[in-house]
Amino acid sequence: MFDRYQAGEQAVLVHLDFPDESTREDLTEFKMLVSSAGVNELTVVTGKRSTPHPKFFVGSGKAEEIADAVRLYEADVVLFNHSLSPSQEKNIEALCQCRVIDRTTLILDIFAQRARTHEGKLQVELAQLRHISSRLIRGWTHLERQKGGIGLRGPGETQLETDRRLLRDRIVNIRKRLEKVEKQRQQGRRSRTRAELPTLSLVGYTNAGKSTLFNVLTQSEVYAADQLFATLDPTLRRIELEGVGGVILADTVGFIRHLPHDLVAAFKATLTETREAELLLHVVDISDDRRSENIEQVESVLAEIEADEVPQLIICNKIDNLDDVEPRIDRDDQGRPIRVWLSAQANIGIDLFFIALAERLGNHVVQQQLAIPPSAGKLRGILYKLNCIKEESYDEQGICHLVVKLPKREWNRLVKQNTNQIEQFIVK
């Protein structure tokens, strides 16, 4: 049912320049998408238009040029770097006599290839079904109407109607299964909330180096490659930060220009990890000439999933690709870290990243002065077990003066377990 690719398919690429920024696409990025899908690029047909043509999207002359290129190169498929309407796809297919795939379908196909978990596969299938529901008529034009006459009368439902009904039933079924998965995710989030573990979410443009950084920070082996959408399924790991304690780090799917709305809607459950994070680690490929545009696109998607209010720490990654750029921390007027310059691949500046992270999560750390009498020596032993004593001294009366520093959740647990003792020993 779906327009799936086989590795090695031969494609003619089509790219138009539009004056309107909202409809403009990037040709270099499109070629990366095509490569990520496992399709071979034969040639690129380019042109300029002020507005899309209603019948072919491109002009009629350009459509003939595309058809000539398909015959000349014996292409299997035509890939458009734009979103086409079902009728435009149908008209160009009739002219070129081969499959025509638009940018949205191409991205959906890459996601289908990358999905590894059960939830990821369900989310991609839901997005594909939503997208293809308006394009079913292409495959069933010979069955659009019931035929009349003896021996030709059908049971009352055309093949097209049957397919639409089956597709609707499948969408409802997938939604129910995804709701079940979402409940399981909510239970996991509630467990982390009870444990008071802050969640950090890696976000950024696709191929910015999020998974490589994730692997460096967590000593994991999450799949990382120099291609678009190498990561699709979210991965969560616990890491220990000095002075902060345990935190949960989440690696999420990368964003891209004009990310299909069906895809964003299908991945709402996954992106909840981003929306409910304590801090977003916005990874930027600082060596990319289009970094400013990429940042804007990420901010746009974050606004769409209602995560634009979550605090951010910008990670300027891949500094090893630039000349005379050293790892550093940029701070705002209050001295708070706002940017960290590093290279995850070359393992440069990671120590600065941990310093910046500990400072940004400082509100999760409690520092207290305690005056503990000899009779409460058991409490001092508990504090030593927690390895949180920074300073210790005794006065003439034998009272132990301690400076303790520990994660907020550990402090709250300590207070709860020793309510009758610890509060009376806090130095006001």
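Visitor: In H2, which residues are buried?

Guide: This is a predicted model, where local features need pLDDT of at least 70, side-chain atom pairs count only at pLDDT 80 or more, and totals for chains, interfaces and linings use all residues. Residues are numbered from 1 along each chain as its sequence is written, and side-chain values use heavy atoms, with hydrogens and water left out. Buried means under 20% relative accessible area, exposed over 50%, partly exposed in between (1.4 Å probe, protein chains only). In H2 the buried residues are Ala63, Ile66, Ala67, Ala69 and Val70.

Visitor: Why do the buried residues of H2 line one face of the helix?

Guide: Helices (H or I, at least four residues) and strands (E, at least two) are DSSP runs, numbered from the N terminus. The arc is taken from the directions from the helix axis to the C-beta atoms. Seen down the axis of H2, the buried residues line one face because they fall within an arc of 155 degrees.

Visitor: Which residues are exposed on the other side of H2?

Guide: The helix covers residues 60-73. On its other side, the exposed residues are Gly61, Arg71 and Leu72.

Visitor: What covers the buried residues of H2?

Guide: Contact means heavy atoms within 4.5 Å. The cover includes strands E1 (9-17), E2 (39-48) and E3 (77-80), and also helix H3 (86-96).

Visitor: What does H2 reach from its first C-alpha to its last?

Guide: H2 has 14 residues. The expected span is 1.5 Å times one less than the number of residues. That gives an expected 20 Å, and H2 comes close to this, reaching 20 Å.

Visitor: Which residue just after H2 takes a positive phi?

Guide: H2 ends at residue 73. Just after H2, a phi of about 55 degrees is taken by Glu74.

Visitor: Is Gln424 buried or exposed?

Guide: Gln424 is found in the segment after helix H14 (419-422). Its C-alpha is separated by 9.2 Å from that of Ile372, 52 residues apart along the chain. With a relative accessible area of 56%, Gln424 is exposed.
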